[in-house]
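Trainee: I would like to learn how to read a protein structure. Could you go through it with me, feature by feature?

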Amino acid sequence: MSIWERSRTRLIALIGVSALLTGVAAAPASADEVEQVKNGGFDGTTDPFWSTAGMPMTIVNGQACVDVPGGTTNRWDVAIGQNDVALVAGQSYRFSFDASGDAGHVVRAIVGLAVDPYDTYFEQSPVLADETHYEYTFTQKTDTASGQVAFQVGGSAEPWHFCVDNVSLIGGVPPEVYVPDTGPRVRVNQVAYVPKGPKTATVVTTATSPLPWQLRNAAGATVAVGKAQPRGTDVSSGQNVQTIDFGRFTKPGTGYTITADGDTSRPFDIGTTAYQSLRADALKFYYTQRSGIEILDSLRPGYGRAAGHIDVAPNQGDGAVPCQAGVCDYRLDVRGGWYDAGDQGKYVVNGGISTWEMLSEYERDRAGLSKVDLKIPESGNRVPDILDEARWELNFLLEMQAPSGLVHHKIHDQNWTGLPLLPSQDPQPRELHPVSTAATLNLAAVAAQAARIFKPYDAAFAQRALSAAKTAYAAAKANPSLYAPESDGNGGGAYNDSNATDEFYWAAAELFITTGDRSYQQDVVSSPLNTADIFGAGAFDWASTAAAGRLDLALVPNRLPGRAAVQASVVQGAEKYLAVQKAQAYGIPYAPANNMWDWGSNSAILNNMVVLASAYQLTGHPKYRDGVLVGLDYLLGRNALNRSYVTGYGEVSPQNTHSRWYAHELDPTLPHPPVGTLAGGANSSLQDPYAASKLAGCIAQFCYIDDIQSYSTNEEAINWNSALAWVSGFVAEQS
């Protein structure tokens, strides 16, 4: 999820959009401005506009109006448009129109390509009511003489009425500069500081001498004062900052604020209950990501939806999925599992690391997690809810095993679908993609892990998982270099990885811990990764899994020869992250080379905190626990953008993460993402066009925008929330 290889494939058409929106305010006219649309005012005729067959346009009071038929699936199923629009790369355009429609309906207004592959260069989806003027500016990336302006109005169950007028696309306008609203210059953890933990804030200032600060309670009374520490220019933000340390104040309460340099922070609490809630909410995320089951509104009010991909039209379903042409001659029933992220694909390598992290959290705190009620259909069955949720994905991973013992890399739509689109309404054919060594070893690792964890609850399932793990591991050893290609990215992410040594180490480690078998022990100790320094800028993700094996070897009881050295290496890795954190003015245990932040940087930061927490478990030294708490401050608001990256936590948090069904920004009948969803976070490479247009030239922390179109900075994903659940659970335990 967090590398450029995946994002290149998504750039093609992930959301059916190549939006380059840079503002909504009108730009002043200039002599160079040229109108590209003909007869946008519908002066006595609708020519040269066209409409979908069966939906004729009529002119009513000078507007072009249509009666939109009901019963269509996608926005683009019925539309009004004009073709042969010339567009010039690098040119900025102002797209404007007046539109009205039956209240609550949505029009998808686009500028795109009128011929195959029908790329979309810009889109907006306003909610209609009375006639309203809409105006946007975007910068074009591609030359074409075959452009198109269109208004897509499909996707409604019932018929409705739509009118449009004064359609205009003017070239030669000045681009507009996006400036994020960062609020007050004093940045804090907007959720809660642990009473007996570190408490730091950051003030953005031009001052170079220590600034006085005041901590006030909800009544406005000053309860602590001090002087800030100047830190100079922070590399990750380009800001001159000072650090406020108020750790000596320990009184629990709500509504605290800090004032410094004439500015007052957003409010925050001092307490522990927020992290109990955050752990539960981060885990509850998975139920609404489930495929193959109805999501009950009674369990998730506002998020109820029909089951997706269970062979009910318009789905073509996951009950008997064929392979891509030429890949295999069988079909598999791969219903269930979690949708990976904002799309409707299911990927073994990302499902593997996500499930591992969830099961790892359970192994760390069995007693505490046994009491966490996730309000899922299986609740109350005498199995901890976290294990029931993990099993939903484990069953899918087991289903992806081919008769050969190898495992298919992924299953998803034949072609990309647009936004918004409920899983049950996805009409695309589904395909199994080739088996891969990495996917096979992911199953071997997590199935072996699951075998030891589920044994007290379901011995038969545990035995099935262990048998599948052993078969998969043997198949991978016989086929050590079957790699998913970078080119396989239509309809879903490629998740390509050309090095499986880390997956071999991880799988051998899990099989050894579970079985104690000497053959797996030998594979662990003979792997160069057993003694290598594997704790880099990002400790682990779906493509780098050696740390998963190392952490379990260090923390889960086993008889590995030289285990003390393995445990020491985890502590050494934690020391590295503490040093990085200390050098960062915002206290982030993450500093990638050249200040180039990764896709899913928030997950990388959290996984580095998993290493810190693991060192605390091994040593009991408070500095590692404190490192986790300070790192969490960044994710919950103490950052350059002054925002929490977890939905529903903090005064300012994401509202429009990239998703096909948490898509309120595009369709008001759909929900915002559920509380406890982690946004991907700052991404220096800006691989989606929307972020590229808004954030060009951004410095590290500023490379983020809360918009559904920005899949490279604002997507949600199962492996990101597993890291959030693990770390928030650790904090909940300590508090």
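**Reading the model together**

Trainee: Where does leucine 553 lie?

Mentor: Leucine 553 is found in helix H10, residues 546-555. Helices (H or I, at least four residues) and strands (E, at least two) are DSSP runs, numbered from the N terminus. Before we go on, keep in mind that this is a predicted model, where local features need pLDDT of at least 70, side-chain atom pairs count only at pLDDT 80 or more, and totals for chains, interfaces and linings use all residues. Residues are numbered from 1 along each chain as its sequence is written, and side-chain values use heavy atoms, with hydrogens and water left out.

Trainee: Is leucine 553 buried or exposed?

Mentor: Buried means under 20% relative accessible area, exposed over 50%, and partly exposed in between (1.4 Å probe, protein chains only). Leucine 553 has a relative accessible area of 0%, so it is buried.

Trainee: Which residues is leucine 553 in contact with, leaving aside its neighbours within four places in sequence?

Mentor: Contact means heavy atoms within 4.5 Å. For leucine 553 the partners include Tyr505, Phe512, Val524, Leu560 and Val566. Look at valine 524: it is 29 residues from leucine 553 in sequence, and their C-alpha atoms are 9.7 Å apart in space.

Trainee: What is a nonpolar core?

Mentor: In soluble globular proteins, nonpolar side chains tend to be buried together. A nonpolar core is a set of buried Ala, Val, Leu, Ile, Met, Phe, Trp, Tyr and Cys residues joined through side-chain atoms within 4.5 Å. Here the largest one has 147 residues, and Tyr275, Tyr473, Leu553, Leu606, Met609 and Leu632 touch the most other members. Helix H6 (residues 437-454) gives the most to this core, with 13 residues. Apart from it lies another core, of 34 residues, among them Phe95 and Tyr136.

Trainee: How should I describe two packed helices?

Mentor: Use the angle between their axes and the distance between the axes.

Trainee: Which residues make the contact?

Mentor: On the H11 side they include Val571 and Leu578, and on the H13 side they include Tyr624 and Val630.

Trainee: What is phi of asparagine 594?

Mentor: Its phi is near 60°, a positive value in a residue other than glycine. Asparagine 594 belongs to the loop between H11 and helix H12 (601-619), and at 72% relative accessibility it counts as exposed. Leucine 686 is not a glycine either, and has a positive phi of about 50°. This leucine 686 is buried, with a relative accessible area of 12%.
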